[in-house]
Amino acid sequence: MSSQDTKTAQLSYDGNSYDLPVHVGTENETAVDISKLRSEAGLITLDPGYGNTGSCKSSITYIDGDKGILRYRGYAIEDLAKNSTFLEVAYLLLNGELPTPEENTAFTDSITQHTMLNENFRSLFLSMPTNAHPMPVMSAAVSAMSCFYQGDEYGEHEGDINTIRLISKIPTLAAWSYKHSIGQPFLYPKNHLSYAGNFLKMMFGNPCEEFEVDPVVEKALDILLILHADHEQNCSTSTVRMVGSSHANLFASISAGVSALWGPLHGGANQKVIEMLNAIADRGETAESFVEKAKNPDDPTRLMGFGHRVYKNYDPRAAVLKGACHDVVERLGIDSKQLEIGMKLEEIALNDEYFVKRKLFPNVDFYSGIIYKSLGIPVDMFTVMFAMGRLPGWIAQWREMNADPAARIDRPRQVYMGANERKYFTSK
Ligand code: SDX
């Protein structure tokens, strides 16, 4: 109990007064503890969408939405994107500290040694329709890992084999879901390639010719994975925690997170951003007219990739991606119509009263879709890329919850608005 946890908040209700404990985090986030409110005052709280409800205490990721700050275990996302690698960031999220060179080598080697799938996974993929979206295929494949790897549900912190299996196999699962959708043969991982390089080879290589990994694409992909690696208690992470709170195993919990991420309001937004930019280009519509539609309360159109529940400033990941976008497009010599339209939409929206008043800024999905497209990633695979990046964060959050001896099964309450008691009768 830190010294700051001795503060209390007072609640007056129905002539009574209640002292509620107050918790203060290391960045001075302050929370009123309402866990005893029902037993002491007969009250619950109501917060649809959990917009202002803390579900847990966590030491993994810190976001300051007003200042546009994002840190993994205290390290600024800008520093990590510039200086680290995805596997080093995964180690940091999982273990709380950056690895020593020896630890980094050992972690990377253990990931490399588990990239292959049980050969029976072929039947799982081949049983799926080729036109299936890869996200439900991924969710099914991750859940199926519970069938292939039974028994040890949660190993020691350092030796948790299921964490290693998930991080090492998800690029293979992702690439196989894509290969199945285009009717091409599955390719096996190559241990001499980097994490991102292996994925690119399994995605775009074929048995008829050698595949050369483009270092520009490889580096851009590694940065994209770093930027997506964790984001505190977002929808899919909260799903992973909720499922894990019932002591469902890691694979089942992550599979649920993949499904939650698919939603277009969440990780599915990157695909919707590109579809939005393509539709504007195909219709020959001006950015100005599209923004007007997005502002119209009677029009369901939204400026996808804009707005965020927490960030009321520029999403720091979008800022990094905006720079990377230009680098990739320039280095690959791509004439990106989508980037041109995206920049125009951003310029208009950032100066428009509707967006300014609502503090709607570009989020991580606004530029990631443009980069993925420039890297040759198919649109249907964009959210799969998000899942690959978010995996170490999901696992770190699941572990943190499972390591907490006070953790209980998640079970929110409700305010009932239905019929009062009535006797059964029938006019039969
Ligand atoms: C991610 O939580 C995370 O951390 C998520 C994430 C992560 O890393 O895990 O950061 C990843 O999911 C990023 C968000 C990707 N989604 C999109 O880009 C979809 C488009 N954005 C929105 O649908 C919306 O902004 C949300 C879902 C992101 C946030 O929704 P909120 O917080 O519930 O806000 P809201 O829908 O209540 O909107 C508030 C107002 C409304 O207008 P009014 O009722 O005040 O008149 O802003 C408007 C909304 O209509 N609004 C938009 C808008 N986003 C909000 N209007 C036009 N275009 C938009 N994009």
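Predicted model: local features only at pLDDT ≥ 70, side-chain atom pairs only at ≥ 80, totals over all residues.
I started with glutamine 338 and skipped its neighbours within four places in sequence; what remains in contact with glutamine 338 is Ile274, Leu277, Asn278, Ile370 and Lys373.

Where does glutamine 338 sit? I found it in helix H15, which covers residues 337–349.

Then I went back to one of the contacts, asparagine 278. The side chains of asparagine 278 and glutamine 338 make a polar contact at 2.7 Å.

New entry: backbone angles. Most residues other than glycine have a negative phi. With that in mind, I looked up two residues.

Tyrosine 50 isn't a glycine, yet its phi is positive, near 50 degrees. I traced tyrosine 50 to the loop that runs between helix H1 (37–41) and strand S4 (61–64). Buried or exposed? Tyrosine 50 has a relative accessible area of 52%, so it goes down as exposed, because the line for exposed is drawn at over 50%.

Which elements flank its loop? Helix H16 (353–357) is on one side and helix H17 (364–374) on the other. I got a relative accessible area of 42% for lysine 359, so I wrote it down as partly exposed.

Technical notes: Residues numbered from 1 in each chain as written. Heavy atoms only, no water. Helix = DSSP H or I, 4+ residues; strand = E, 2+ residues; numbered from the N terminus. Buried < 20%, exposed > 50% of the residue type's maximum accessible area, 1.4 Å probe, protein only. Polar contact = N/O pair within 3.5 Å; in protein donor to acceptor, adjacent residues only side chain to side chain. Contact = heavy atoms within 4.5 Å.
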